[in-house]
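Notebook open, structure loaded. Today I'm going through side-chain contacts.

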Amino acid sequence: MHIISNTRRRKSAGNWPLYALSMTVLAAVEAFSAFGILQLNRATETLFGVTYRLAYVEVAITLFLSLLSFWTATAGARMANDPRPEQKRRAAGAIMLSLALLWTPATYFAKGFAMPRQIAEHQAYLGSDAMAADQAIIADPMADSQVKLAAAASLKQAQAPTKAQPTIGEFFKAFVIHISIWLCGFVALLAPPETDAQRRDRIEAAERARRKAEREARKAAKAKEARKGPNVFDLKEWVRKSA
């Protein structure tokens with residue numbers, strides 16, 4: 001069984017190009033997220049006389065969680081492929097944990113999509129006919145109050161965006177990309193299913209190991225009996241114990 005297990009590990013190691021590609025794409029995704037974070041977070045903090053941007057802390061957190069999720073997924077794949085039942089049971093927990101860890105990186109990735117869109121919308125709105133129309137509605141004392149409220153909301157686009165507001169579509173796209181990378185990492189470490197021949201060899205090897213263990217146990221029992229010496233009936237001892 002040990003030999004078969006090693007063979008399966010060698011087969012799974014053949015998926016290293018998929019694993020390397022997944023890590024490369026993951027690095028690109030995190031670089032995109034980091035660019036968005038650095039655009040948004042301008043806050044600074046001073047610690048022990050050193051001033052640093054809090055954006056770098058956010059970048060480090062998202063990168064760490066993303067890598068941790070990916071590596072936990074690969075650990076779950078190894079557990080799912082392990083012949084030991086207790087390891088297979090642990091696989092589900094590892095998979096759920098890795099998916100939960102994706103929440104923060106995927107959210108920041110969605111913000112990376114949202115910020116360029118919001119900047120483009122802001123620049124397109126400035127000086128446009130829509131902006132002029134909204135300003136005219138606000139200035140018109142005869143305009144309906146509901147129309148004025150809608151125009152005021154639209155005029156907010158004239159202000160430079162300071163907070164990313166992803167749409168549902170951007171959230172969906174971010175999570176689909178992260179889940180796809182996650183699946184690549186999981187599949188790369190998941191060995192192919194056991195064939196009928198491998199199963200037969202594993203069972204035969206286990207049976208040979210069982211018979212060998214039984215032979216060793218019988219030999220040990222015989223050696224123990226031999227060390228005790230001949231089994232001579234002691235009449236006096238039997239009478240003393242029976243009295």
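Entry 1: I started with Arg 210, which comes out as partly exposed at 39% relative accessibility. This is a predicted model, so I kept in mind that side-chain atom pairs count only at pLDDT 80 or more. Arg 210 has a salt bridge to Glu 207, with 2.3 Å between the closest N and O atoms. The two sit three residues apart in helix H9 (residues 196-228), so about one helical turn separates them.

Next I checked what else Glu 207 touches. Glu 207 also forms a salt bridge with Arg 211, and there the closest N and O atoms are 3.5 Å apart. This time the spacing is four residues in helix H9, so again about one helical turn. I looked up accessibility too: Glu 207 is partly exposed at 28%, and Arg 211 is partly exposed at 37%.

**Entry 2: salt bridges elsewhere.** How many salt bridges does a search of the whole structure find? It gives five.

**Entry 3: aromatic pairs.** I then searched the whole structure for aromatic pairs and got four. For Trp 103 and Phe 175, the ring centres are 5.4 Å apart and the planes make 40°, so I logged the pair as tilted. The pair links distant parts of the chain: Trp 103 is in helix H5 (residues 103-125) and Phe 175 in helix H8 (residues 168-188), 72 residues apart. Is Trp 103 buried or exposed? Trp 103 is exposed, at 53% relative accessible area, because the cut-off for exposed is over 50%. Phe 175 has 24%, which makes it partly exposed.

Another pair is Phe 109 with Phe 113, also written down as tilted, at 4.7 Å centre to centre and 50° between the planes. Both are in helix H5, four residues apart, so about one helical turn lies between them. I have Phe 109 as buried at 4% relative accessibility. Phe 113 has 19% and still counts as buried, because the cut-off is under 20%.

**Entry 4: a nonpolar patch.** Last stop, the surface. Which residues form the nonpolar patch there? My list reads Leu 47, Phe 48, Tyr 52, Val 57 and Ile 61, with about 520 Å² of accessible area together. Leu 47 belongs to strand S1 (residues 44-47), and I have it as partly exposed, at 45% relative accessibility.

Key. Residues are numbered from 1 along each chain as its sequence is written. This is a predicted model: local features need pLDDT of at least 70, side-chain atom pairs count only at pLDDT 80 or more; totals for chains, interfaces and linings use all residues. Side-chain values use heavy atoms; hydrogens and water are left out. Rings of Phe, Tyr and Trp (its six-membered ring) pair if their centres lie within 6.5 Å; planes under 30 degrees apart count as stacked, over 60 as edge-to-face and the rest as tilted. Buried means under 20% relative accessible area, exposed over 50%, partly exposed in between (1.4 Å probe, protein chains only). Patches are made of residues with over 30% relative accessible area and no salt bridge: like charges are joined within 9 Å, nonpolar side chains (Val, Leu, Ile, Met, Phe, Trp, Tyr) within 5 Å. Accessible areas come from the Shrake-Rupley method with a 1.4 Å probe; for residues, only the protein chains shown count as cover. A salt bridge is a side-chain nitrogen of Lys or Arg within 4 Å of a carboxyl oxygen of Asp or Glu.
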